[in-house]
Amino acid sequence: YDDYSSVGVMFASIPNFFAEFYAENDVNNNGLECMRVLNEIIADFDDLLERYKFNCIEKIKTIGATYMVAAGLTPKAVYDGADTDLEVYLCNICEFAFAMQDCIKRINKHSFNNFQLRIGINHGSLVAGVIGATKPQYDIWGNTVNVASRMESTGKVGKIQITEESCSILERNGFRFEPPHFVQVKGKGTMKARFLIDRVLT
């Protein structure tokens, strides 16, 4: 197992996939066609990670219709204007979130669906490694991961919710946010967070 002190973590879910789209009936071959659509969406997200600009981001796993990635587990990348490794990781993971939103819009346009993402981002220390003897799985653990997950689950569909601490770093790199608000996070109590708007290019 490896300890990391500064890693960006993102959870991105499609809440309305199972709530509204997925069904098991004769029309969709008892749900198989629905899962084929989900697989195509996940594959498109995977393709985004092949872009050079996202080479510091690593896919951890998918959980149902939730996509989980981390930035900072692999050798450092670069980002215009970012001074530290952590700034690079956070900036790139936000750019990846924007890319995912654009991707789901293209999918909706071509498939006549209305899938939307709900995204949560946090940063901090964590532990990473492979666990299990049968079907071993690479995973990450820690408070940083749990809070990132809560940023997603307490967020709003179509928005990217980020912890205040991460926002402070991102603001120095041109990212803009809505005013702060408070969310209840299990095990942490009330936390301040913001919704990401965009990045002002300089």
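**Salt bridges and their surroundings**

Modeller: Arg172 is exposed, because its relative accessible area is 58%; exposed means over 50% relative accessible area, buried under 20%, and partly exposed in between, with a 1.4 Å probe and protein chains only. The model is a predicted one, in which local features need pLDDT of at least 70 and side-chain atom pairs count only at pLDDT 80 or more, while totals for chains, interfaces and linings use all residues. Residues are numbered from 1 along each chain as its sequence is written, and side-chain values use heavy atoms, with hydrogens and water left out.

The side chain of Arg172 meets that of Glu87 in a salt bridge, at 3.6 Å from N to O. This pair connects distant parts of the chain: Glu87 belongs to helix α3 (residues 85–111), whereas Arg172 lies in the loop between α5 (164–171) and β7 (175–177), 85 residues apart. Helices (H or I, at least four residues) and strands (E, at least two) are DSSP runs, numbered from the N terminus. Glu87 counts as buried, because its relative accessibility is 6%. The term salt bridge denotes a side-chain nitrogen of Lys or Arg within 4 Å of a carboxyl oxygen of Asp or Glu, and the structure holds 9 of them.

Helix α5 itself deserves attention next. Glu164 is found in this helix and forms a salt bridge with Arg194, the closest N and O atoms being 2.9 Å apart. Here too the pair links distant parts of the chain, since Glu164 is in helix α5 and Arg194 is in strand β9 (residues 189–199), 30 residues apart. Glu164 is buried, as its relative accessible area is 17%. Leaving aside neighbours within four places in sequence, Glu164 is in contact with Pro180, Lys192, Ala193 and Arg194, where contact means heavy atoms within 4.5 Å.

Arg194 also takes part in a salt bridge with Glu171, at 2.8 Å from N to O. That pair again links distant parts of the chain, with Glu171 in helix α5 and Arg194 in strand β9, 23 residues apart. Glu171 counts as partly exposed, because its relative accessibility is 37%, while Arg194 is buried, with a relative accessible area of 11%. Through salt bridges that share partners, Glu164, Glu171 and Arg194 are joined into one network.

A further residue of helix α5 is Ser166. Ser166 counts as buried, because its relative accessibility is 0%. Not counting residues up to four places away in sequence, Ser166 touches Leu90, Asn122 and His123.

Strand β4 (residues 118–131) pairs with strand β1 (residues 2–13) in the antiparallel sense over 10 bridges; two strands pair if DSSP finds at least two bridges between them. Within this pairing, Phe11 has Gly120 of β4 as its bridge partner. Strand β1 is also joined to strand β3 (residues 66–71) by 6 bridges, and the two run antiparallel. There, the bridge partner of Ala12 in β3 is Tyr67.
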